[in-house]
Amino acid sequence: HQYFTDNQNQKDDFLALLKGPKNIVLTAHQNPDGDAFGSSLGLLAFLKQLNHNVTVISPTDHADYLAWMPGVNEVLDFQNNQHLPTAKKLIEEADIIFCLDFSSLGRLGAMEENFRASSALMVLIDHHQEPESFADYVFWNEKAAATCELIYLMIEELGLLDYVNEDVATCLYTGILTDTGSFKFDSTSITVHRIAGELIDKGINPNSINRKLFDQNSIDRLRFLGFALKEKLNYLEEFRVAYFYFSKEELEEYNSKKGDTEGLVNYGLSISGAVMSAIFIERDGIIKISFRSVDDFSVSEFSRNHFSGGGHRNAAGGKSDDNLESTVKKFLELLPTYKEKLTSQPE
Ligand code: 5GP
Ligand code: MN
């Protein structure tokens with residue numbers, strides 16, 4: 001890990017920095033998930049109590065399942081023409097920029113150049129592999145289950161846990177819950193459970209958060225899930241690989257919205273014996289890919305090497321500018337090379 005709080009000088013400097021009111025911009029990766037918004041909105045609620053001028057700027061809009069989160073209505077969407085001028089101005093004038101839940105500036109999409117041009121102090125809080133070095137303060141650990149876990153640990157190290165109010169706690173719990181797959185993934189640690197417990201102690205309602213996140217399906221989404229599982233799920237037993245792919249037309253037919261495909265990839269991995277699952281989605285003119293795996297098969301490496309992506313060992317994403325058919329073909333043609341590794345994982 002790399003924690004700036006391990007260095008007493010850096011920690012003191014940072015605490016001094018947080019003293020006076022500052023112009024602060026918080027941002028996370030495009031197409032934000034529960035951890036990206038949990039860390040942004042949790043830190044928003046935290047920093048506001050320290051009297052800073054804080055704004056969350058998201059590179060893209062967010063899926064509906066995150067729309068209930070505290071502070072979500074204040075988020076500026078860089079793709080929204082009405083928000084754009086303000087967002088640009090805030091980035092230019094920021095004293096401090098927090099980069100949350102991503103560690104290569106390329107994941108900011110259209111916002112990347114504005115961030116690179118900024119003279120603000122950069123703070124990186126993240127758990128993705130292979131971080132790019134651009135930040136002045138780094139709180140990074142690839143073993144952490146969620147960026148929200150790291151934010152809690154950072155606040156704890158700074159001695160500021162009293163400022164973790166119910167809104168902060170709700171947001172941080174959301175990121176931990178979503179990025180651990182509800183305390184299921186390999187990253188689920190003693191620390192994660194300790195933090196979750198301490199967040200409950202701050203007055204949050206885990207059942208309510210769970211229902212807001214996971215029990216808000218539309219009929220369209222459930223019908224789409226039915227279609228996906230019945231018609232679109234492929235399993236290649238010889239490689240222990242499951243995959244789905246969806247064209248723009250198929251998504252339109254089921255009125256599939258942003259976020260509706262979230263979690264679908266996990267169904268592939270739930271097949272007994274499956275080692276890797278992949279989903280290919282044609283959206284916004286590119287093919288967006290999600291990979292999941294178990295045990296030692298690293299999908300972040302796989303995605304980095306072949307699909308311009310990355311992430312974590314067992315959960316990664318990537319993209320392709322080829323069409324859907326060629327992208328899936330490329331994926332299938334790669335499998336023999338990985339057969340040995342895939343099939344040697346424990347049953
Ligand atoms: P998801 O499949 O849920 O979109 O992403 C799984 C994990 O991989 C998340 O931690 C996400 O941040 C990361 N990830 C998704 N897409 C990309 C990508 O294009 N590049 C990199 N480096 N990481 C990604
Ligand atoms: Mn995350």
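**View 1. Ala 242 stands opposite Ser 277 in strand 10.** The model is predicted: local features need pLDDT of at least 70, side-chain atom pairs count only at pLDDT 80 or more, and totals for chains, interfaces and linings use all residues. Residues are numbered from 1 along each chain as its sequence is written, while chains are lettered from A and ligands numbered from 1 in the order in which they are written. Strand 9 (residues 241-246) runs parallel to strand 10 (residues 276-283), and six bridges join the pair. Strands count as paired if DSSP finds at least two bridges between them. Helices (H or I, at least four residues) and strands (E, at least two) are DSSP runs, numbered from the N terminus.

**View 2. A second open sheet holds seven strands in the order 1-7-6-5-2-3-4.** Pairing is mixed here. Strand 1 (2-3) and strand 4 (76-77) stand at the edges with a single partner strand each, so one side of each lacks a neighbour in the sheet. Strand 2 (residues 23-28) pairs with strand 5 (residues 96-100) in the parallel sense over five bridges. Leu 26 faces Phe 98 of strand 5. Helix 2 (residues 34-48) packs on the sheet, where it touches strand 2, strand 3 (53-58), strand 5 and strand 6 (121-126). Its direction makes about 165 degrees with that of strand 2.

**View 3. The chain is assigned two domains, domain 1 (2-214) and domain 2 (219-343).** Their centres, taken over C-alpha atoms, are 27 Å apart. Eight residues of domain 1 and nine residues of domain 2 make the contact. Contact means that C-beta atoms, placed from the backbone, lie within 7 Å. On the domain 1 side, three residues are nonpolar, two polar and three charged. The bounds come from an automatic or database domain assignment.

**View 4. Ligand 1 is surrounded by 14 residues.** The closest are Ser 290, Gly 309, Gly 310, Gly 311 and Gly 317. A residue is near a molecule if its C-beta atom, placed from the backbone, lies within 6 Å of it. Strand 12 and strand 13 are the elements that give two or more residues to this shell. Strand 13 supplies the largest share, five residues. Domain 1 and domain 2 each contribute at least three residues. By class, the shell has two nonpolar, nine polar and three charged residues. Ala, Val, Leu, Ile, Met, Phe, Trp, Tyr, Cys and Pro count as nonpolar, Asp, Glu, Lys and Arg as charged, and the others, Gly among them, as polar.

Methods: Contact = placed C-beta atoms within 7 Å. Axes fitted to C-alpha atoms, helices over the stretch in contact; angles between N-to-C directions.
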